[in-house]
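Here is a walk through one protein chain, written for someone seeing it for the first time. Have the 3D view open as you read.

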Amino acid sequence: MTFPLIHVPVLGDGMTIALNAVLHVLISHGVAIGMTILIVIFQNLGATGHGSFWEATARTLLKPVVIVTTSVGAVTGVGIWFITGILAPEGIGSLIHLFFWPWFIEWWAFTTEVVLLLIYYFLWDRLAQRRPRLLMALGWGYVAVALSSAVLISGILGFMLTPDGWPQGGTFTQAYFNPTFVPQFMLRISAGIALGALLILGWTGWRFKGTAKDRGRVLRLTGLVMLAAMASTAVFAWIYFSRIPQTYLTHWKFAVATSVWSQVPNLLPVLNGVAVACLALAAAAGLLKQRRTAMLLFLPALILAVGMVAEFERVREFVRGPYLLPGYMYANQTRMVRQEAAAQQGRPLLATLDWVNTTTDKAPAAQSGRALFDANCGVCHTIGGINDITVRLKGRTLESVNAITSITESMVPFMTPFNGSEQERLTMSTYLYSMANKNTLPRPQLQGEVK
């Protein structure tokens, strides 16, 4: 591997990427798209004579949207590139090579999106009085660009899970227009609108300054939009998951729950049902103008909505294991053809690693063992942190650990096969055995070797 192997201690690579990505999705979908669509609708209602309170409400909501979108949203968006570029350079490099133009166009779409949002905000007061229809056009122009950005990204995200015939055909069309492209885009937009409506519903219940009648009108429209968006989300979620291979969907409970809780078959379906019911009740409270009920349900509904977004992103990332790009690259950034050739020839891995961390473990055998662990297992496991490999191996014999590392892909379907020679696998197993049991590192010995 020509890039350094960098892993995040304690927190782990997956959790580091997930925390940044989920926050970005919540802002880019729920705030930048969902809330802004409703703000534009409110401004349109006010400009067409349905009440000045609509414009006042839109103007008040627009300021936090601009601040959050252009600061936290933009930083977390760049953060995705930064974090994945460090932790998965081979994977992100392959994606950039394949999807250079969609990503290049999306960058310009994002830039245009930010510029339009700032123009929309800073020219609001002037245009709302003199040229309200121009302000309406600016708002819908922003929405159109934001949706186009989501379209461009959805094709790439869909490819990462359902590349269809691309590994065999290798064409851009097969990669980009994959089976989950359209339903994932519609699912994300619908869920974003539902989340944006929920945020405005909570704000209206707690912070609206107008009359009770005007508040009721805002609550009713917001609740109606939220219910419609939730129904649309359910439809496209069903279509989306029906197009994901069933062998992947069998992993979804392991993706979300711990190894213990995943053994309770009805736990996640019940929790998801409770979350949907709470969100539907909050939307219904808005539709029926029940301010106090909406206020009480807002916080638990928001927490559950964030949990469902995190669940979706976690499942989308996890179920495609052991692959980073199915049919092409394993999660540890090893290309499948390279892995198969190396396994057949017994080709060693250490000689191909241009970067090895020599600061953590001083003994040469420990350095080699840690380098092999980082290259093969470090993408999912840590030593002493989240998903700690030493906890899983504690109390096992060296022979047991070595047997496990020889059958990882058949023992657990979302684990990658070992990449390296038999001697290197024993070196890694010996290192892991020592770390799990806090023993002095023994010298690795192959089966049949005289001790």
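Leaving aside its neighbours within four places in sequence, which residues is Arg215 in contact with? They are Thr204, Phe208, Gly210 and Arg291. Before going further, keep in mind that this is a predicted model.

**How confident is the model?**

The chain has a mean pLDDT of 90, and 96% of its residues reach 70 or more. One stretch to treat with care is residues 447-451, where pLDDT stays under 50. For those residues the model has 4 contacts beyond four places in sequence. Where pLDDT is low, the predicted coordinates should not be read in detail.

**Back to Arg215**

Arg215 sits in helix H10, which covers residues 212-242. Its side chain is buried, yet Arg215 has no salt bridge. How far away is the nearest side chain of opposite charge? That side chain belongs to Asp214, and the distance is 9.6 Å. A salt bridge needs a side-chain nitrogen within 4 Å of a carboxyl oxygen. Among the contacts of Arg215 is another arginine, Arg291.

**Salt bridges elsewhere**

| Salt bridge | Closest N and O atoms |
|---|---|
| Asp125 and Arg59 | 3.2 Å |
| Arg316 and Glu313 | 3.2 Å |
| Arg425 and Glu422 | 2.6 Å |

Take Asp125 and Arg59, which form a salt bridge. This pair links distant parts of the chain: Asp125 is in helix H5 (residues 124-130) and Arg59 is in helix H2 (residues 52-87), 66 residues apart. Asp125 is exposed, with a relative accessible area of 51%. Arg59 has 22%, so this residue counts as partly exposed.

Arg316 and Glu313 have another kind of setting. They are 3 residues apart in helix H14, which means about one helical turn separates them. Are these two residues buried or exposed? Both Arg316 and Glu313 are buried.

Arg425 and Glu422 are also 3 residues apart, this time in helix H20 (residues 422-437), so about one helical turn lies between them. Arg425 has a relative accessibility of 9% and therefore counts as buried. Glu422, on the other hand, is exposed at 51%. Some salt bridges share partners: Arg188, Glu313, Arg316, Glu317 and Arg320 are joined into one network that way.

**Aromatic rings**

Next come the rings. Across the whole structure, a search finds 24 aromatic pairs. In one of them, the ring centres of Phe42 and Trp54 are 5.0 Å apart and the planes are at 45°, so the pair is tilted. Phe42 belongs to helix H1 and Trp54 to helix H2; the two are 12 residues apart, and the pair links distant parts of the chain. Phe42 and Trp54 are both buried.

Now look at Phe100 and Trp101. Their ring centres are 5.1 Å apart with the planes at 80°, so this pair is edge-to-face. Phe100 is partly exposed, at 42% relative accessibility, and Trp101 is exposed, with a relative accessible area of 57%.

Which residues form one aromatic cluster? The members are Phe99, Phe159, Trp166, Phe172, Tyr176, Phe177, Phe181 and Tyr328.

Most residues other than glycine have a negative phi, and most peptide bonds are trans. This chain has some spots to check against that. Gly321 and Pro322 are joined by a cis peptide bond, with omega about 10°. Pro322 is in the loop between helix H14 (291-318) and strand S1 (323-325).

Val10 has a positive phi, near 65°, although it is not a glycine. You'll find Val10 in the segment before helix H1 (13-47). Its relative accessibility is 54%, so Val10 counts as exposed.

Lys289 is another non-glycine residue with a positive phi, near 65°. The place to look is the loop between helix H13 (267-287) and H14. With a relative accessible area of 40%, Lys289 is partly exposed.

Note on methods: Residues numbered from 1 in each chain as written. Heavy atoms only, no water. pLDDT = per-residue confidence, 0-100. Contact = heavy atoms within 4.5 Å. Helix = DSSP H or I, 4+ residues; strand = E, 2+ residues; numbered from the N terminus. Buried < 20%, exposed > 50% of the residue type's maximum accessible area, 1.4 Å probe, protein only. Lys, Arg positive; Asp, Glu negative; His and termini not counted. Phe/Tyr/Trp six-rings, centres within 6.5 Å; stacked < 30°, edge-to-face > 60°.
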